[in-house]
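Take a moment to look over the chain from one end to the other. Then read on with the model in view.

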Amino acid sequence: MNRVATRFEREWARSSAWQCLLRPLSWLFRALSAARRLAYQRGWLSSARLPVPVIIVGNISVGGSGKTPLVIALVEQLRVAGYAPGVISRGYGGSERGPFEVGPLSDPVEVGDEPVLIAARTEAPLFIGRDRVATGNALLAAHPNCDLIVSDDGLQHYRLRRDIEIVVVDGQAGFGNGCLLPAGPLREPASRLRSADFVVINHGGDDHATPSSALAAPMGLSGQPTSMHLSGQVFYNAKDPMQHALAADLRHQTVHAIAGIGRPRRFFDHLRQLGLNIVAHSFPDHYVYRREDLLFGQDAIIVMTEKDAVKCRAFAQDSWWVLAVSAQLDDRFIANLLKKLRPTYGPQTA
């Protein structure tokens, strides 16, 4: 499965004869996507507004773009500004259809790995559900003090009206060959970014990445997108999170790095930049780990992402470590976001 996904990503990064056969399907997908969005804009399909403002954090391409760390950072910044945010998510990869409340110790198999991670990092009220409108209302009924909803993904879930749209773009992968599914990685054309309130370019942990301003022109943006970098140098123990280690503690040992995320190479590159000697093991995004998947030898040192860790809690070993990363955002982006919220929705304490 992972090899198939990698093959598609490789093909989507270029133009080839293989894609020419799929382009008619891409044109059909684009037409249907545009027609569906227009139907909601014109009111031909009904949409609903929640009683509190809604911030959508999404993307227009398949695969990981960095939405989860951005959602976590936004919740933290909004709380500092005086808001009481809640989070809704589809719960991708989980069996529960919802609405269903998620906590730090919820089962990722039921509710999805990303919601569990967000709940653990933010301690914010979090509900999952296929119907975002019903999910938002369920959250507000259970937590009436919430005065703002952050939606993890849901850019294309137009039945839920939104006050602010934030689109995350992978600064390394970009838009691949620029084609829509199935000939390319896009769910909507790049021109969709022009209608978003904010565009965030995720450069990961690469401090020498192409500046966001250089990526604005190909996207057709009139304004400059903001940059996001992921930082993380401290590991915590997968079995006992109160134990911590630095990269220097692991540098002179062979480390098995596992990643079941959208862009595993980004995680592996980050570890190499920290000076670790790693053996990389990539798994499909949202992979449900079993103990036997991680048998690399007695007392083998394993490092993993936080998203992987929530699925390995039941059988974690003393020699397994988790790298915690945080999104670093431009102060002007946060200021502009709060400015856009406050004219109508500013909290009384802000």
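This is a predicted model: local features need pLDDT of at least 70, side-chain atom pairs count only at pLDDT 80 or more; totals for chains, interfaces and linings use all residues.

Residues are numbered from 1 along each chain as its sequence is written, and side-chain values use heavy atoms, with hydrogens and water left out.

Start with the backbone. Helices (H or I, at least four residues) and strands (E, at least two) are DSSP runs, numbered from the N terminus. Look at the loop between β2 (85–89) and β3 (100–101), where Pro99 lies. Gly98 and Pro99 are joined by a cis peptide bond, with omega about 0 degrees. Another cis peptide bond joins Leu181 and Pro182, and omega is about 0 degrees there too. Pro182 sits in the loop between β6 (164–170) and β7 (198–202).

Now turn to phi. Asp153, in the loop between β5 (148–152) and β6, has a phi near 70 degrees, a positive value in a residue other than glycine. Asp299 has a positive phi as well, near 60 degrees. Find Asp299 in the loop between β12 (277–282) and β13 (301–305). Is Asp299 buried or exposed? Buried means under 20% relative accessible area, exposed over 50%, and partly exposed in between (1.4 Å probe, protein chains only). Asp299 has 62% relative accessibility, so it counts as exposed.

Next comes a histidine. His143 lies in the loop between α6 (132–142) and β5. Its side chain makes a polar contact of 2.6 Å with the side chain of Glu101. A polar contact is a pair of N or O atoms within 3.5 Å; within protein, one must be able to donate a hydrogen and the other to accept it, and residues adjacent in sequence count only if both atoms are side-chain atoms. Leaving out residues up to four places away in sequence, His143 touches Glu101, Pro125 and Phe127. Here, contact means heavy atoms within 4.5 Å.

What about the rings? Rings of Phe, Tyr and Trp (its six-membered ring) pair if their centres lie within 6.5 Å; planes under 30 degrees apart count as stacked, over 60 as edge-to-face and the rest as tilted. The whole structure holds seven aromatic pairs. The ring centres of Tyr40 and Tyr158 are 6.4 Å apart and their planes meet at 45 degrees, so this pair is tilted. The pair links distant parts of the chain, 118 residues apart: Tyr40 is in helix α2 (residues 17–42), and Tyr158 is in the loop between β5 and β6. Tyr40 is buried, at 17% relative accessible area. Tyr158 is buried as well, at 10%. Elsewhere, ring pairs link Phe283, Tyr287 and Tyr289 into a cluster.

Helix α10 (residues 331–345) contains Ala335. Ala335 is partly exposed, because its relative accessible area is 43%. Ala335 and Ala81 are 254 residues apart along the chain, yet their C-alpha atoms are separated by 9.9 Å.

Finish with the empty space. Rolling a probe the size of a water molecule over the atoms shows where such space is left. On a 1 Å grid over the protein atoms alone, a cavity is a set of points where a 1.4 Å probe fits but cannot get out, and lining residues have an atom within 4 Å of a point. The search finds one cavity of 30 Å³ or more. Among the residues that line the largest cavity are Tyr92, His286 and Lys311.

Key: On a 1 Å grid over the protein atoms alone, a cavity is a set of points where a 1.4 Å probe fits but cannot get out, and a pocket is an open set with protein on both sides within 12 Å along at least five of seven lines; lining residues have an atom within 4 Å of a point. Grid points are joined across faces, edges and corners, and a volume is the space filled by probe spheres set on the points.
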